[in-house]
Amino acid sequence: MIEAHDLTKRYGSKLAVDGISFTVQPGRVTGFLGPNGAGKSTTMRMIVGLDRPTHGTVTVNGRPYAEHRSPLTQVGALLEAKAVHTGRSARNHLRAIAATHGIGNKRVNEVISMTGLDTVAKRRVGGFSLGMGQRLGIAAALVGDPQTLILDEPVNGLDPEGVLWVRNLVKYLAASEGRTVFLSSHLMSEMAVTADHLIVIGRGKIIADGPVDTVISEATRSTVRVRSPQATDLAARLAGPAVTITPAEDGLLEVHGATAVEVGEIAAASGIVLHELTPLQGSLEDAYMSLTSDSVEYHSAEIPGAEPRATTTAATTTGEDAR
Amino acid sequence: MSTAVATEPPRTNAPLTPHKLTFGHLLRGEWIKFWSVRSTIWTLAIFLLATVGLVVLISLAFVNAPSPEEGGPPDASDALGPLSFAVTLGQLALAVLGALTITSEYTTGMIRSSLTAAPKRLPVLWSKAIVLVVAVLGASLVAVAAGTGLQWLFFDSQGLSVDFSDPDMIRPLVGTAVYLATIALFSYALGALMRHSAAAIATVLGLLLVAPILFSSIPWKPLTLMAPFLPGLAGQQLTQTDAQLEMSASFSDVGADLSAWEGYGVLVLWVVVVLGVAAVLLKKRDA
């Protein structure tokens, strides 16, 4: 369990993490989402004591990370790929880390084969690809068989097989072994299938903290697609302050802010024929975009002629939706 | 990559063995780190080759030179001459090794792995220093023994050969190894302070090589007075016999004449100050 309380980090005049408090519970995978520069890595570095908080505290299983007698069996961390001496072989790197806790070569060999590094373990790390470096970082995080796993962008640079492996591993460790897993990723589709719980951070502040489904449904407005020969009539009856209606094509409406149940009941009450009534589920990506749109630090330039960013899975949008 | 990916084997929740972070384990980890990079092997090999090689070359040159009356080899009181010269050059390889031991962790990012494994930080600094000193002391003793041993063979235990039975010789011989280990540690301390390979190596080479020349060639009294307190010059007092120290003291009319242990004490003071500041900063700075 990781508990952060009023955690703050200031670099010079820049407030990287702004008084955040959160809890990462054991037994589930907690995803940590946020745009570049939102403070994800800084937060993770503060958990393992690499950065000193300007203010506030963070504890792992009840005490600050540095106070544990056996830090590597408490927390395994992958903070950035290749926090490794490039001139050392992968195996010696792991042996040196393991030796600091009296962990023997048996466990080192175990994590080497677990991460699929057997064939390259004797090679110097300098020649490793991004994916192999990432596997080595995960191996180093696992070597202490830790109760808590902190992974910053673990699937970055991994091949599809590696992505699937990381997903299954963290789910297994959390669900079957009751360990704490704290995972950051930019790949929101990956996060949607891996995480059970989400913490979304933007500009150093927590924007959302809850189960994945809740975060998605709260952040995305419910959208319903309705097809009716009496579309214009229906639109007039649905209209209200919380409801936005976008005519997509002739006889097809997209209704934002009302549920399928409400639309269906209004139509029935008015005797309007419906040919289609489809609730459109928001995706995590939509939720993420909508949550962080105000807190993106580094905006990309608009690409002329590019499709506007979709806010629902059905990608027909109007000016109201395209940000 | 197409290597097979295994899944985590099921294991019981409680840790089976009580793995713990101890200073002894930390030393073991640093020992593995120290010997598993090429720069260690290279710098130690260059040091051994340069030191032993120079002693051999200088000895051979004297063996073949004419007698003392014709300006040939000096007598046995200068028996340490070849070693002193060799050490002045050989120490540079050790200075590079000392700095790289810690700066390479900063340039590669390894330091973050090291400090995550030992989050109290200072034990990392101490254990690295101990491993470095032990390894360099061992290599230096080998170099001193091999160099002076070969010198002794070349002179057939006569003339310029080092008299190992003379108790006055033991202190400078062992002192040479101690001096070399301390120089490596001094360079390590500068590396820990600067966290940058080039900056640390340039500084230590400047202090060991350039500063003594500069201080003696500029005729400004404060510089002349400070020169004996430079880390290299002060520490090298320990590598000289008492007779040699007395002789050089009688030649110099200005500045302090440090005894062997006083000189070494000055070098140790340099190390303590630099390493102390580095330790405080290591504790305070973000890694």
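**A helix pair in chain B**

Guide: α6(B) packs against helix α7 (residues 197-217) of chain B at an angle of about 140 degrees, and their axes are 8 Å apart. The cut-off for roughly antiparallel is over 145 degrees. α6(B) and α7(B) are therefore oblique to each other. The crossing of α6(B) past α7(B) is right-handed. On the α6(B) side, the contact is made by Phe186(B), Ser187(B), Leu190(B), Gly191(B) and Met194(B). On the α7(B) side, Ala199(B), Ala200(B), Thr203(B) and Val204(B) make it. Bear in mind that this is a predicted model.

Now the core. The largest nonpolar core has 153 residues. Among those with the most contacts inside it are Ala184(B), Phe186(B) and Ala189(B), along with Leu94(A), Ala139(A), Val143(A) and Ala95(B). Helix α6 of chain B, residues 167-194, gives the most to this core: 16 residues.

Last, the record. An unreviewed UniProt entry annotates "transmembrane region" over residues 41-63, 83-102, 129-153, 173-191, 198-220 and 263-282 of chain B. Residues 83-102 of chain B are 100% helix and 0% strand, with end C-alpha atoms 29 Å apart. Residues 263-282 of chain B are likewise 100% helix and 0% strand, and their end C-alpha atoms lie 29 Å apart.

Note on methods
Residues numbered from 1 in each chain as written. Chains lettered and ligands numbered in written order. Predicted model: local features only at pLDDT ≥ 70, side-chain atom pairs only at ≥ 80, totals over all residues. Core = buried A, V, L, I, M, F, W, Y, C linked by C-beta atoms within 7 Å. Buried ≥ 20, exposed ≤ 12 C-beta atoms within 10 Å, placed from the backbone. Helix = DSSP H or I, 4+ residues; strand = E, 2+ residues; numbered from the N terminus. UniProt positions renumbered as here; feature names shortened; annotations may be inferred. Axes fitted to C-alpha atoms, helices over the stretch in contact; angles between N-to-C directions. Parallel < 35°, antiparallel > 145°, perpendicular 65-115°, else oblique. Left-handed = near helix turned anticlockwise from the far one by under 90°. Contact = placed C-beta atoms within 7 Å.
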